[in-house]
Amino acid sequence: MKFWSSRSQEQVSLSSQVADKVKTTTCYMCACRCGIQVYVKEGKLRYIEGNPHHPVNKGVLCAKGSAGIMQHYSPARLQKPLLRIGERGEGRFREIGWDEALSLATTWLADIRARDPSKLAFFTGRDQSQSFTGWWAGRFGTPNFAAHGGFCSVNIAAAGMYTIGGSFWEFGEVDWEHTRYLMMFGVAEDHDSNPIKIGLGSLRSKAQAKIVAINPVRTGYAAIADEWIGIRPGTDGLLILSLIHELLRADKIDGEFLARYTNASWLVIDAPGTARHGLFARDNKGNPLCFDGRYKKIVSALSPEANPLLVGARDLDDGTKVVPVFELIAHRYLDPIYAPEQVAMQTGVPAATIKRLAAELAEVAFSKRVVLNVPWTDWAGRRHQQMIGRPISIHAMRGISAHANGFDTCRGIHVLQMLLGAIDTPGSFRFKPPYPKAAPPGLKPVGQTVASQTAIDGALLGYPTDPADLLIEDNGTAKRIDKAYSWEFPLAAHGLLHMLLHNAWAGDPYPIECLFLYMANMGWNSAMNIGNSIKYLTDKNSDGSYRIPKIIYVDAYNSETVAYADLVLPDTTYLERWDCISLLDRPISCADGPADAIRQPVVTPDRDVRPFQDVLLDLGVRLKLPDMVDEKDQPLYPGGYADYMVNHQRSPGIGPLAGWRGKEGQSVGIGAPNPQQLNRYVENGCHWYQPLTPAQRYFKMGNADYLTYAKQMGWLAKSEPLILQLYVEPMQKFRLAAEGHGTVQPPDLLRGQVRKYFDPLPQWYPPGEITSEDKAYPLHAITQRPMHMYHSWGSQNAWLRQITDRNYLFIHVDCAKAHNLSEGDWVWVISPHGRIKAPIKTMHGVNPDTVWTWNAIGKRKGAWGLSLTAPEANQGFVLNHLIADLLPPREHKTKIANADPITGQAAWYDLKVRLEKCLPCETKEGAPILAPLQSNGTPSEKILRQGANIKDTPINISPPPFKEWIGNSDSYLEQKILQEDRHD
């Protein structure tokens with residue numbers, strides 16, 4: 001059909017100058033951290049596009065990244081520091097200057113540091129500079145620091161670090177070029193989106209590659225997969241162990257890979273009831289032992305000459321019985337309880353499907369191996385003429401992490417990968433430098449000793465390997481406010497952000513005096529149990545003082561949490577500051593080489609705001625914190641965070657940025673500070689990338705060239721092999737303590753919990769607030785994030801809101817029929833903890849026992865610069881109202897966190913609900929709708945436009961001739977603009 005008349009002549013006069021500047025920087029619209037090119041004219045943003053030279057996105061940019069303009073110009077932006085003048089939650093503030101704000105913060109913090117630094121709890125949310133904020137907390141002297149990981153994906157990270165020395169997503173990636181079979185577990189579209197989209201696109205162009213998506217919901221990536229497995233939430237681990245059962249039964253395992261790169265041959269002591277039971281047998285040098293099949297004797301498993309056997313019980317010289325790890329694995333997972341017929345009912349995956357998936361994995365791994373003609377040398381000095389790999393790749397994310405059994409589920413995936421020989425080989429999962437590390441890394445959490453005016457040296461977050469590493473008092477109680485690294489959550493590698501408010505309110509294990517939050521929306525979508533979270537923030541003592549005495553909140557935007565702060569410090573947007581994406585933190589490397597990046601100021605703030613990193617350094621100087629001032633109390637980094645990025649050294653020669661180190665910029669990885677380092681980054685598109693040589697790119701855990709390089713870069717202390725851990729011995733050490741062995745033992749209330757869950761081999765146990773026997777709440781309820789949104793950020797964005805400005809409860813068509821529901825009906829969603837009201841949409845692509853929605857679309861009225869009539873605040877909803885932060889008493893007779901008992905990961909995907917159809921008389925609006933908050937951002941205009949005040953050469957287009965089709969053609973473009981730019 002032709003819409004333009006042949007008589008109509010198109011007359012276009014293109015703008016003569018799109019921008020007067022084009023600057024590169026790094027996106028912050030999600031955690032992908034893509035490279036972008038930003039067009040600026042007359043000091044205003046005009047356009048954002050992907051940087052084609054950036055190693056992360058290679059020019060690709062998603063809707064979020066492109067809409068960064070409207071994020072920057074959001075009416076929700078805070079304008080000045082704010083001091084509360086009303087009650088918490090009223091949102092009444094007076095604007096103050098920065099001198100007053102920082103003087104007040106300094107007074108509060110100095111008093112705490114002089115008496116007891118642990119009375120400060122400094123927690124961050126979507127912080128992409130955690131190595132810096134954690135360093136600041138340590139210099140202050142408080143152990144109470146963590147970021148959002150415990151609320152998001154600590155199960156993924158911790159399971160990977162304890163098992164393979166790396167993990168999915170930020171520490172590893174799929175070998176997109178060579179893989180022929182990709183399994184995705186619980187992967188939604190919001191994380192690492194552009195690299196995954198690029199990779200999936202490349203796989204779809206290969207006729208021989210298959211994509212299998214295992215997810216209760218079929219959206220995004222799952223929608224383009226060759227096969228979707230609509231699994232029941234929380235049962236992924238059982239499916240994985242059933243796949244392992246089938247592979248073992250068919251003898252489809254890579255014995256050579258297991259013997260060479262894993263601890264499959266290490267001998268485990270079999271002496272039940274003793275303090276050595278389940279530990280590795282070791283020689284007098286501490287080396288683990290194996291049985292050498294060539295020489296028929298027990299030798300060091302780390303000897304290059306060892307020819308280990310994977311099966312067969314033996315006796316040590318003292319008569320102690322020992323068994324190889326692999327034999328324990330075979331005994332565990334060949335048990336009929338893992339047979340497909342046994343697990344089908346629980347997982348919702350037919351037995352025939354499980355058997356077929358296992359057969360497909362075996363077929364691809366062992367009949368379609370990848371061979372690269374690239375010579376390389378392994379750690380033992382053996383020369384290989386080829387790199388041979390199994391083209392099976394697995395990727396997993398939050399969908400398996402956010403369950404109370406997520407740690408073991410992820411460990412199970414890594415065991416599956418190892419059995420197939422599919423870790424860092426051609427075609428498989430690959431490590432991103434600076435990973436792999438030792439499994440687990442040697443970094444232990446610090447904070448055992450807290451003293452007045454004293455810094456804590458070391459990392460506040462780490463990896464305990466023994467009960468002696470826990471942060472507990474002599475009586476067994478926790479030393480941290482979130483109880484991380486206590487007997488409740490021993491392996492809490494990321495801390496427990498979600499338990500912060502409750503514990504601070506309850507004074508458990510002790511009261512705090514100041515809560516210092518950065519980008520952590522604890523009053524809304526970063527809260528399990530919103531009602532209780534608001535109570536924790538506002539509750540008072542009998543004398544009228546607040547239970548949490550002081551709250552300092554830092555954000556760029558007027559989130560729901562701003563109203564509950566005593567002091568608000570306004571941050572810049574990501575386009576107004578220097579920032580650092582460091583190898584010390586969450587790297588942007590790819591498997592073929594290390595990379596890091598910076599952000600540079602693209603535009604100048606038009607409000608009285610400051611970059612939070614600069615503010616922290618300023619506070620550090622005012623507080624005279626060590627390593628922030630010199631002997632004369634003068635700032636060590638007078639140029640602010642940009643100065644810190646260049647001149648700070650975490651250890652000699654190692655700083656936040658790895659590129660162009662040394663006084664002349666001649667070094668990488670290790671070298672003296674380079675005064676021109678930031679200039680070099682800017683000249684190179686704000687990133688640094690160093691490709692590995694072909695001989696270094698695979699088998700990194702045992703590749704001599706790579707291990708030598710990693711040591712030279714400062715990532716490893718020694719260029720020794722990194723053994724993958726099928727059997728995680730530290731887990732057994734905690735279990736032995738629970739059985740009464742050792743000097744550090746759990747309190748009696750927690751012995752059963754530790755004994756049950758700390759298994760050195762992955763296990764599966766039912767997750768959830770509600771047991772499978774309780775039929776009152778038969779439906780699982782989960783959330784995902786749309787590809788174009790990210791946490792709370794996206795749904796304040798005028799452009800992204802045109803795509804999604806409200807959410808629905810999606811349910812299976814059969815579930816709708818069972819509840820007599822039709823498209824658009826409203827339902828009450830009821831959990832043991834609360835009830836909300838939501839409109840429904842039906843679909844086929846969801847597990848029949850599961851309901852779900854888009855997360856963080858629903859907003860509280862008055863927040864985020866949205867009008868009081870905005871759909872997000874009236875029809876939108878969040879499931880967080882339904883999720884309990886504390887579970888009812890179980891075997892330990894006391895309430896505990898709704899979390900993984902090993903890592904403390906928030907178990908917000910374990911939610912169980914029931915549905916009740918709303919009555920005709922009930923209003924069609926979300927519930928609960930809380931009282932509106934007072935706006936503290938820029939007054940919102942009715943229509944938001946970008947670039948309207950910039951004088952470009954006009955673009956003249958003749959109107960379309962078909963007036964009957966478009967209505968009044970003369971106003972068509974104006975009407976279109978009004979429709980697309982409407983903000984409320």
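In this predicted model, T573 is buried, with 2% relative accessible area. The residue belongs to the loop that links strand 25 (567-570) to strand 26 (579-581). Beyond its neighbours within four places in sequence, the contacts of T573 are H72, R77, Y557 and R607.

Once residues up to four places away in sequence are set aside, T783 touches T853, N855, L879, W908 and Y909.

The protein chain has a mean pLDDT of 92, with 93% of its residues at 70 or more. Residues 1-8 have pLDDT below 50, and this stretch has 13 contacts in the model beyond near neighbours in sequence. Residues 953-984 also stay under 50 in pLDDT; for them the model shows 59 contacts beyond four places in sequence. Where pLDDT is low, the predicted coordinates should not be read in detail.

An α-helix has 3.6 residues a turn, so residues three or four places apart point the same way.

Nine cavities of 30 Å³ or more are present in the structure, and the largest cavity holds about 380 Å³. Its lining consists of 32 residues, and R126, M519, D555, H791 and W793 are those nearest the centre. Helix 5 (149-152) and strand 24 (550-555) are the elements that give two or more residues to this lining. By class, the lining of the largest cavity is made up of 14 nonpolar, 12 polar and six charged residues.

The second largest pocket has a volume of about 630 Å³. It is lined by 35 residues, and K58, E173, W176, C590 and D592 are the closest to its centre. Strand 8 (172-174) and helix 7 (193-204) each contribute at least two residues to the lining. Helix 7 gives the most, with four residues. The lining of this pocket comprises 19 nonpolar, four polar and 12 charged residues.

Lastly, the cysteines. A disulfide is a covalent bond between the sulfur atoms of two cysteines. The structure holds zero disulfides. C30 is in no disulfide, and the nearest cysteine sulfur, belonging to C32, lies 4.8 Å away. C30 counts as buried, at 5% relative accessibility. C152 is likewise in no disulfide; for this residue the nearest cysteine sulfur is that of C30, 12 Å away. C152 is buried as well, with a relative accessible area of 4%.

Note on methods:
Residues numbered from 1 in each chain as written. Predicted model: local features only at pLDDT ≥ 70, side-chain atom pairs only at ≥ 80, totals over all residues. Heavy atoms only, no water. pLDDT = per-residue confidence, 0-100. Contact = heavy atoms within 4.5 Å. Buried < 20%, exposed > 50% of the residue type's maximum accessible area, 1.4 Å probe, protein only. 1 Å grid on protein atoms, 1.4 Å probe; cavity = no way out; pocket = protein on both sides within 12 Å on 5 of 7 lines; lining within 4 Å. Points joined across faces, edges and corners; volume = space filled by probe spheres on them. Nonpolar A, V, L, I, M, F, W, Y, C, P; charged D, E, K, R; others polar. Disulfide = S-S within 2.5 Å.
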